[in-house]
Structure formats: C-alpha cells, structure tokens
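Subject: Structure for you to look at

Hello,

Here is the structure I promised to pass on. Please open it beside this message and follow along.

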Amino acid sequence: YVGTICVKDEWRGRGGGKKLMEVAINRCREERLPLTLTATENGVWLYRKLGFEKLEMLDIKGFGKDDKYEMMVWDPRKRE
C-alpha cells in the first residue's frame, strides 16, 4: 500500500510523482505483488496512466474539502 505521495505545486508536471510511483511499481512487479493506494481527484489521472484500476469509491469525512477518494490497484498478475 502506498501511503501519501505529495508534490509541491511548483514542482508538479515535472515527472517527480510519476518517477516515485514507477519505483514502487517496479518493485511490486519483481515481487509479483499488487500495489494499492487511495487517490484524491488530483492524482487519479496519473495512477490510471500508470495502469492502476479503480476498486471502489470512498467517502472519508474530516480530511479536508475533498472527501471523495478512489481506492485503486495495480496488479502485475493481470499483466501476464
């Protein structure tokens, strides 16, 4: 499970978040383990681009203005 990946506003769009996720994905590919995360609306596009799929929508109260999160998974077993 990936906890929190944050990229400062001034560094967004430069590939840092993608690179961090590629390291995690490569490790899970080697170990043949699924990788899950909870994505905010801002991150869903990146995770889908990297091959993550939606598991379910979560409504988590108390974490700020955006209470809707998407539980996502990247599973190497589906790529064989």
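S2 and S3 run antiparallel and are joined by six bridges. This is a predicted model, so please read every value below as computed from it. Glu 53 has Val 73 in S3 as its bridge partner. Asp 59 stands opposite Lys 68, also in S3.

Look for Leu 35, which stands opposite Trp 74 in S3.

Put together, the three strands make an open sheet in the order S1-S3-S2, with antiparallel pairing. Strand S1 (35-39) and strand S2 (53-59) are the edge strands, each pairing on one side only. From one strand to the next, the twist averages 20°.

How much of S3 is buried? Six of its seven residues are, so the strand is mostly covered.

Now the helices. Helix H1 (residues 16-31) lies across S1 and S3 and runs at about 150° to S1. Helix H2 (residues 41-49) packs on the sheet and touches S1 and S3. The direction of H2 makes about 20° with that of S3.

Which residues of H2 are buried? They include Gly 43, Val 44, Leu 46 and Tyr 47. The buried residues of H2 pack against H1, S1 and S3. A reminder on helix geometry: an α-helix has 3.6 residues a turn, so residues three or four places apart point the same way.

Tyr 47 comes up again in the ring contacts. The structure holds one aromatic pair. The ring centres of Tyr 47 and Phe 52 are 5.7 Å apart, and their planes meet at 65°. Planes over 60 degrees apart count as edge-to-face, so this pair is edge-to-face. Both partners, Tyr 47 and Phe 52, are buried.

Another ring has a charged neighbour. Arg 14 lies over the face of Trp 11, at 4.4 Å from the ring centre.

Two backbone spots deserve a look. Most residues other than glycine have a negative phi. Arg 32 has a positive phi, near 55°, and is not a glycine. Where is Arg 32 found? It is in the loop between H1 and S1. The relative accessible area of Arg 32 is 42%, so this residue is partly exposed. The other spot is Gly 51, which follows H2. Phi of Gly 51 is positive too, near 105°.

Asp 75 sits in the segment after strand S3 (68-74). Is Asp 75 buried or exposed? Its relative accessibility is 12%, and the cut-off for buried is under 20%, so Asp 75 counts as buried. The side chain of Asp 75 also makes a polar contact of 2.9 Å with the side chain of Arg 77.

Then turn to Tyr 47 and Phe 52, the edge-to-face pair. Finish on Asp 75 and its contact with Arg 77.

Best wishes

How values were computed
Residues numbered from 1 in each chain as written. Predicted model: local features only at pLDDT ≥ 70, side-chain atom pairs only at ≥ 80, totals over all residues. Heavy atoms only, no water. Phe/Tyr/Trp six-rings, centres within 6.5 Å; stacked < 30°, edge-to-face > 60°. Buried < 20%, exposed > 50% of the residue type's maximum accessible area, 1.4 Å probe, protein only. Lys NZ or Arg CZ within 6 Å of the ring centre and 35° of its normal. Helix = DSSP H or I, 4+ residues; strand = E, 2+ residues; numbered from the N terminus. Polar contact = N/O pair within 3.5 Å; in protein donor to acceptor, adjacent residues only side chain to side chain. Pairing = 2+ DSSP bridges. Axes fitted to C-alpha atoms, helices over the stretch in contact; angles between N-to-C directions. Contact = heavy atoms within 4.5 Å.
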